[in-house]
Amino acid sequence: MRVERRVGCGTVSFLVLLAVSLLLNLIFWNALQMKKGTSPDMKPPEFPEEYVAGDPDRDQKIVLIRLQGLIAREEPGQFSDSMIEDITLQLRQARDDRRVKAILLAINSPGGEVDASDVLYHELERVRRVKPIVVYMESVAASGGYYAAMGASYLMANDLSLTGSIGVILQTFNVKDLLDKIGVKALTLKSGKMKDILNPTREMTPEEQAYVQGLINASYDRFVGIVSQERHLDLEQLKVRWADGRILSGAMALQAKLIDELGYFEDAVDKCKELGKVKTARVVRYAPPFRLSALVRGLFGSEARAKSLLSSDRLPLISGRLYYLAPTVFGSGGFLP
């Protein structure tokens with residue numbers, strides 16, 4: 001019996017050590033791969049391709065890139081640590097590949113952070129100077145999603161897509177009355193009168209409110225100015241008619257000249273061929289490399305994400321941060337068939 005117990009304990013110990021060794025090797029290998037992609041002295045890794053549609057035997061390619069969900073630097077990516085860097089890496093690989101004749105960016109996003117949306121617009125605008133970029137708007141391509149789309153060469157949407165929502169939002173909470181009710185007092189020490197400008201334990205002063213509104217107005221002016229410039233629309237008419245935060249269907253956006261055409265995914269592929277000056281091409285997408293952090297998120301983060309998405313009081317805004325965000329993300333309401 002003692003011999004059997006020793007053998008059993010030895011087997012368990014061996015399996016534990018083997019599992020730990022495997023985990024450590026995965027961590028070191030993953031760190032090495034990330035270092036290869038970020039070192040300034042090394043060329044970024046080239047992502048393998050997956051066939052999507054079109055003629056599989058053609059050497060000419062159209063690259064499909066997807067922009068999905070809330071646009072934020074904190075959102076994890078599949079190719080890197082950030083969804084923003086994900087889009088950037090894919091765009092640059094497509095730009096540098098001579099066989100890629102056009103890029104198809106499929107957007108399904110209600111928008112997101114002001115800075116992150118602007119970074120995507122800037123990257124798209126740079127790449128379109130080299131190769132045409134067609135945006136296809138899926139269910140939602142609004143606010144920051146629409147802002148980013150301004151960097152593309154051509155905009156197409158389904159007539160039932162939701163887009164527009166040109167505007168800026170900042171949200172904070174005030175719990176002063178609640179704290180007074182339960183007898184809690186907040187002590188704030190600050191170096192200047194504006195340092196706790198969004199302090200939720202007190203009311204904003206008129207001076208503070210005017211200052212914050214000025215920041216929002218500056219971000220809004222940049223947004224509407226870019227739309228006016230890229231869509232060749234009169235700025236004042238745009239502000240009066242469409243740029244008041246309202247969401248538009250694809251059909252309404254076409255009427256407002258905020259997009260170029262209505263269609264389906266295959267129509268967007270055809271437009272890529274037209275702008276890329278090819279008759280046939282295969283549509284491919286880049287496959288993300290293995291990353292241990294993504295595996296861990298997939299194993300342990302799916303349930304938490306599902307609960308967050310299904311929660312009726314889910315609010316993706318971080319207090320005190322500026323967003324280009326469509327009103328459809330608030331509450332549990334939505335557009336349903």
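Aspartate 96 is exposed in this predicted model, because its relative accessibility is 54%, over the 50% cut-off. Its side chain meets that of arginine 95 in a salt bridge, with 3.0 Å from N to O. Arginine 95 has a relative accessibility of 23% and therefore counts as partly exposed.

**Salt bridges**

Side chains of opposite charge can pair when their charged atoms come close.

| Arg | Asp | N to O distance |
|---|---|---|
| arginine 95 | aspartate 96 | 3.0 Å |
| arginine 99 | aspartate 97 | 3.3 Å |
| arginine 246 | aspartate 244 | 2.7 Å |

In the salt bridge of arginine 99 with aspartate 97, arginine 99 is partly exposed at 38% relative accessibility. Aspartate 97 is buried, because its relative accessibility of 14% is under the 20% cut-off.

The salt bridge between arginine 246 and aspartate 244 joins two partly exposed residues, with relative accessibilities of 38% for arginine 246 and 43% for aspartate 244.

Which residues are linked with Asp97 and Arg99 in a network of salt bridges? The network also includes Asp59 and Lys61.

Arginine 282 is found in strand S11, which covers residues 282-286. Is arginine 282 buried or exposed? Its relative accessible area is 17%, so arginine 282 is buried.

**Packing of helices H2 and H3**

Two packed helices are described by the angle between their axes and the distance between the axes. For helix H2 (residues 83-96) and helix H3 (residues 114-128), the angle is about 0 degrees and the axes are 10 Å apart. H2 is therefore roughly parallel to H3, since the angle falls under the 35 degrees that set the limit for this class.

On the H2 side, the contact is made by Ile84, Ile87, Thr88, Leu91, Arg92 and Arg95. On the H3 side, Ala116, Val119, Leu120, Glu123, Leu124, Arg126 and Val127 take part. The residues of this contact divide into eight nonpolar, one polar and four charged. Arg95, one of the H2 residues in the contact, is also the partner of aspartate 96 in the salt bridge at 3.0 Å.

**Aromatic pairs**

A pair of aromatic rings is described by the distance of the centres and the angle of the planes. The structure holds four aromatic pairs. One of them is formed by tyrosine 121 and tyrosine 147, with 5.8 Å from centre to centre and 80 degrees between the planes, an edge-to-face arrangement. Tyrosine 121 lies in helix H3 and tyrosine 147 in helix H4 (residues 144-149), so this pair ties together parts that are 26 residues apart in sequence. Tyrosine 121 and tyrosine 147 are buried.

Tyrosine 147 also pairs with phenylalanine 223: the ring centres are 4.9 Å apart and the planes stand at 65 degrees, so this pair is edge-to-face. The pair links distant parts of the chain, since tyrosine 147 lies in helix H4 and phenylalanine 223 in helix H6 (residues 206-231), 76 residues apart. Phenylalanine 223 is buried, as is tyrosine 147. Through ring pairs, Tyr121, Tyr147 and Phe223 are linked into a cluster.

**Residues with positive phi**

Most residues other than glycine have a negative phi. Serine 165 has a positive phi, near 55 degrees. Serine 165 is placed in the loop between strand S7 (162-164) and strand S8 (169-170). With a relative accessibility of 2%, serine 165 counts as buried.

Lysine 257 also has a positive phi, near 65 degrees. The loop that holds lysine 257 runs between helix H8 (250-255) and strand S10 (261-262). Is lysine 257 buried or exposed? Its relative accessible area is 54%, so lysine 257 is exposed.

How values were computed: Residues numbered from 1 in each chain as written. Predicted model: local features only at pLDDT ≥ 70, side-chain atom pairs only at ≥ 80, totals over all residues. Heavy atoms only, no water. Helix = DSSP H or I, 4+ residues; strand = E, 2+ residues; numbered from the N terminus. Buried < 20%, exposed > 50% of the residue type's maximum accessible area, 1.4 Å probe, protein only. Salt bridge = Lys/Arg side-chain N within 4 Å of Asp/Glu carboxyl O. Axes fitted to C-alpha atoms, helices over the stretch in contact; angles between N-to-C directions. Parallel < 35°, antiparallel > 145°, perpendicular 65-115°, else oblique. Contact = heavy atoms within 4.5 Å. Nonpolar A, V, L, I, M, F, W, Y, C, P; charged D, E, K, R; others polar. Phe/Tyr/Trp six-rings, centres within 6.5 Å; stacked < 30°, edge-to-face > 60°.
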